[in-house]
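Hi there,

Here is the structure I promised to pass on. Have a look at it first, and then read my notes below.

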Amino acid sequence: MSVSRLLLAFAALLFASVAFAADKPGEIKGTVLEPSPDNLALTWARANLVLPGVLFGGRRWEGYAEEAPDVIGIAPLVIVMHGSSGVAPAVKEFQVWLADELGVASVAPDSLAIPDRLTYTSPIDVDTYERVHALRLAELEHALKAARDWSWVDRLRLVLAGTSEGAVAVGRYSGKDAAARLIYSWSCESNYFVSEPHLGIGPKEPVLNVIAARDPYFSAANPWNKDRGVTGSCAAALKDDPKAEVMVIDADVHTILNRPEVRERTAQFLRGVLDR
């Protein structure tokens with residue numbers, strides 16, 4: 001066989017392997033997705049809390065929410081809902097940036113603190129995804145209630161932020177007690193990941209959505225979204241909200257929290273929302 005034919009055969013085999021991988025079902029581990037009082041308490045106790053220096057003697061404090069120190073003062077709080085990888089380094093880095101750059105406290109409930117918590121590699125069935133989303137929304141609602149016990153939280157400047165799996169909970173929350181929402185790496189539309197968006201965002205809520213143009217999960221570039229009419233951002237869902245902003249970055253990555261251009265846009269948005 002000639003070299004050119006060998007190369008063509010190899011390319012065909014590689015293409016077939018990629019196509020097969022795209023259709024291959026994901027893996028599920030663990031069983032628990034029950035938002036019980038004990039499980040929700042665990043997600044809060046092991047939440048990653050970052051306090052800015054203004055609250056802690058001029059220096060940043062980091063630790064579990066259950067170990068939160070007594071502080072003097074008042075500050076905004078961002079509740080950060082992590083993605084399917086848990087409170088990953090990117091989430092903690094984002095929280096440190098919020099504290100150091102903007103003087104904003106943040107707390108990230110840890111869904112994976114639940115014993116035998118179901119985890120997955122996509123794609124899996126949408127019913128299981130929806131059970132995950134129900135748990136994450138319950139975690140967010142629990143965090144909002146628990147945060148009220150901290151006297152230093154400025155309740156008029158409480159922000160919800162989420163990335164990927166966590167962004168679904170932020171988008172679906174229907175309460176009116178948040179000053180703004182940050183939705184990263186989710187497109188607020190029907191795709192393989194949700195049965196329907198079921199957004200709970202009010203008509204005039206400040207919202208910032210940031211996502212990569214070729215996000216490997218929630219854009220049309222993902223074959224799992226074939227024939228779903230995916231646009232790849234929250235622009236359509238938020239088109240009637242005069243306080244909504246959408247930023248689509250020219251990239252093909254999923255985790256974008258700490259990219260310089262994303263930080264810059266986030267800082268501008270939060271300063272506009274939180275400055276009083």
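This is a predicted model: local features need pLDDT of at least 70, side-chain atom pairs count only at pLDDT 80 or more; totals for chains, interfaces and linings use all residues.

**The disulfide**

Cys188 is joined to Cys234 by a disulfide, with 1.9 Å from S to S. The count of disulfides comes to 1. The link between Cys188 and Cys234 is right-handed, with 70° about the S-S bond. It ties together distant parts of the chain, as the two cysteines are 46 residues apart. Cys188 sits in the loop between strand S8 (180-184) and strand S9 (207-212), while Cys234 belongs to the loop between S9 and strand S10 (244-249). Cys234 is buried too, since its relative accessibility is 0%.

**The sheet**

Next, the strands. As background, strands of a sheet pair through backbone hydrogen bonds, either parallel or antiparallel. Here you will find an open sheet of 8 strands with mixed pairing, in the order S3-S2-S5-S4-S7-S8-S9-S10. Strand S3 (61-64) and S10 stand at the edges; each has a single partner strand, so one side of each has no neighbour in the sheet. On average, neighbouring strands of this sheet are turned by 15° against each other, direction ignored. Helix H4 packs on the sheet, where it touches S4 and S7, and its direction makes about 160° with that of S4.

Of its 11 residues, 9 are buried, so S7 is mostly covered. Strand S4 (residues 75-81) runs parallel to S7, and 6 bridges join the two. Met81 is the residue that stands opposite Gly162 in S7. S7 also pairs with S8, again in the parallel sense, over 5 bridges. There, Thr163 has Tyr184 in S8 as its bridge partner.

**Two helices that meet**

Two packed helices are described by the angle between their axes and the distance between the axes. For helix H2 (residues 37-45) and helix H4 (residues 126-147), the axes come within 9 Å and cross at roughly 65°. The crossing of H2 and H4 is right-handed. Which residues of H2 meet H4? They are Leu40, Ala41, Thr43 and Trp44. On the H4 side, the residues in this contact are Leu135, Ala138, Glu139, His142, Ala143, Ala146 and Ala147. Taken together, the residues of the contact divide into 8 nonpolar, 2 polar and 1 charged.

**Backbone details**

Most residues other than glycine have a negative phi, and most peptide bonds are trans.

- Ser122 and Pro123 are joined by a cis peptide bond, with omega about 5°. Pro123 lies in the loop between strand S6 (119-120) and H4.
- Asp116 has a positive phi, near 60°, and is not a glycine. You will find Asp116 in the loop between strand S5 (105-108) and S6, and it counts as partly exposed because its relative accessibility is 47%.
- Ser185 also has a positive phi, about 60°, without being a glycine. Its place is in the loop between S8 and S9, and Ser185 is buried, with a relative accessible area of 1%.

**One more residue: Val87**

Where is Val87 found? It is in the loop between S4 and helix H3 (89-102). Val87 counts as buried because its relative accessibility of 18% falls under the 20% cut-off. Leaving aside residues up to four places away in sequence, Val87 touches Asn48, His82, Lys92, Gln95, Ala108, Pro109 and Asp110.

Best wishes

Definitions and conventions
Residues are numbered from 1 along each chain as its sequence is written. Side-chain values use heavy atoms; hydrogens and water are left out. A disulfide is a pair of cysteine sulfur atoms within 2.5 Å. Helices (H or I, at least four residues) and strands (E, at least two) are DSSP runs, numbered from the N terminus. Buried means under 20% relative accessible area, exposed over 50%, partly exposed in between (1.4 Å probe, protein chains only). Axes are lines fitted to C-alpha atoms, for helices over the stretch in contact, and angles run from 0 to 180 degrees between N-to-C directions. A crossing is left-handed if the near helix is turned anticlockwise from the far one by less than a right angle, and right-handed if clockwise. Contact means heavy atoms within 4.5 Å. Ala, Val, Leu, Ile, Met, Phe, Trp, Tyr, Cys and Pro count as nonpolar, Asp, Glu, Lys and Arg as charged, and the others, Gly among them, as polar. Two strands pair if DSSP finds at least two bridges between them.
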